[in-house]
Amino acid sequence: MSRKGNKPFSLPPGTTATINSDSIIVKGNLGELTVSYPKNLLEVVKTEEGIEIKRKNNETISNVMQGTVASNFANAIKGVTIGFTKKLKIVGVGYKAIYSGGILEVHAGYSGSGPRRIEVPKQLKVSTPTPVEIIINGYNKQVVGQFAAKIRDIRRPEPYKGKGIMYHDEIIVRKVGKTAEGGKKTK
């Protein structure tokens, strides 16, 4: 059974939820998100304790969908009230990021081709407090994570020197190079 799905959700002040036949529309001070659910498997009702997501039957797929929809609904509530943040750091000589006018320009050591330019989606706020730090804010968890992954894919961190674009809390497992591993052969 889904532990998260069985608990009723209470809405924070300033947040409203409209229940439709196959979706829940959550509105808050940061924006509006829609969470869809399969109406043949689940039922969403408003009670005194809050909003409950109930299964219509005891099949496995109903249980799975209850947990998924409950998690998506919790993320929507958090997104429209607090928002989501992803921080990226850039490691490497000459690597940097510049944000201006809705375009993020990333210099990541590609010689000859110049910097990579990425257009920032309208629903995101991007800042570069230092040239080697990128902060992404938004109310949709999927869009924030997808954009952060897109930036990280420009130059993934490599395990030998640790250079590249990585998440702020990411740990890179370093590998030992060939010369340090085998040492020099002696006769």
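Trainee: Where does N58 lie?

Mentor: N58 lies in the loop between β5 and α2, where helices (H or I, at least four residues) and strands (E, at least two) are DSSP runs numbered from the N terminus. Residues are numbered from 1 along each chain as its sequence is written, and side-chain values use heavy atoms, without hydrogens or water. Please keep in mind that this is a predicted model, in which local features need pLDDT of at least 70 and side-chain atom pairs pLDDT 80 or more, while totals for chains, interfaces and linings use all residues.

Trainee: Is N58 buried or exposed?

Mentor: N58 counts as exposed because its relative accessibility is 72%; buried means under 20% relative accessible area, exposed over 50%, and partly exposed in between, with a 1.4 Å probe and protein chains only.

Trainee: And how far apart in space are N58 and G102?

Mentor: From C-alpha to C-alpha, N58 and G102 are 48 Å apart in space, and along the sequence they are 44 residues apart.

Trainee: What about E48, buried or exposed?

Mentor: E48 has a relative accessible area of 78%, so this residue is exposed, and its place is in the loop between β4 (42–46) and β5.

Trainee: Okay, and E52, buried or exposed?

Mentor: E52 is buried, because its relative accessible area is 17%, and this residue is found in strand β5, which covers residues 51–55.

Trainee: Which residues does E52 touch?

Mentor: If residues up to four places away in sequence are not counted, E52 touches P8, E43, V44, V45 and T47, where a contact means heavy atoms within 4.5 Å.

Trainee: Now S23, where is that one?

Mentor: S23 is in strand β2, residues 23–27, and counts as buried because its relative accessible area is 10%. Leaving out residues up to four places away in sequence, S23 touches T18, T34, V35, S36 and Y37.

Trainee: Switching topic: which residues line the largest pocket?

Mentor: The lining of the largest pocket consists of L33, T34, V35, S36, N72, N75, A76, N140, K141 and Q142. A pocket is an open set of points on a 1 Å grid over the protein atoms alone, where a 1.4 Å probe fits, with protein on both sides within 12 Å along at least five of seven lines, and lining residues have an atom within 4 Å of a point.

Trainee: Which element gives the most to that lining?

Mentor: β3 gives the most to the lining of the largest pocket, with four residues, and the elements that each supply at least two residues are β3 (32–36), α2 (60–81) and α3. By type, this lining has three nonpolar residues, six polar and one charged.

Trainee: α2 came up again. What about T68, where is that found?

Mentor: T68 is found in helix α2 and is partly exposed, because its relative accessible area is 36%. T68 and P38 are 11 Å apart in space, C-alpha to C-alpha, although 30 residues apart in sequence.

Trainee: How many aromatic pairs are there in the whole structure?

Mentor: A search of the whole structure finds one aromatic pair. F9 and F73 form this pair, which is edge-to-face, with 5.1 Å centre to centre and 90° between the planes; ring centres must lie within 6.5 Å, and planes under 30 degrees apart count as stacked, over 60 as edge-to-face and the rest as tilted. The pair links distant parts of the chain, since F9 is in the loop between α1 (3–6) and β1 (16–19), while F73 is in helix α2, 64 residues apart. Both F9 and F73 are buried.

Trainee: Last one: which residues of the largest nonpolar core touch the most other members?

Mentor: In this core of 21 residues, L104, I134, I136, F147 and I151 touch the most other members; a nonpolar core is a set of buried Ala, Val, Leu, Ile, Met, Phe, Trp, Tyr and Cys residues joined through side-chain atoms within 4.5 Å. The elements supplying at least two residues each are β6 (84–91), β8 (103–107), β10 (124–127), β11 (133–138) and α3 (141–152), and α3 gives the most, with five residues. A second, separate core of 20 residues includes Y37, L42, I53 and Y139.

Note on methods
Ala, Val, Leu, Ile, Met, Phe, Trp, Tyr, Cys and Pro count as nonpolar, Asp, Glu, Lys and Arg as charged, and the others, Gly among them, as polar. Rings of Phe, Tyr and Trp (its six-membered ring) pair if their centres lie within 6.5 Å; planes under 30 degrees apart count as stacked, over 60 as edge-to-face and the rest as tilted.
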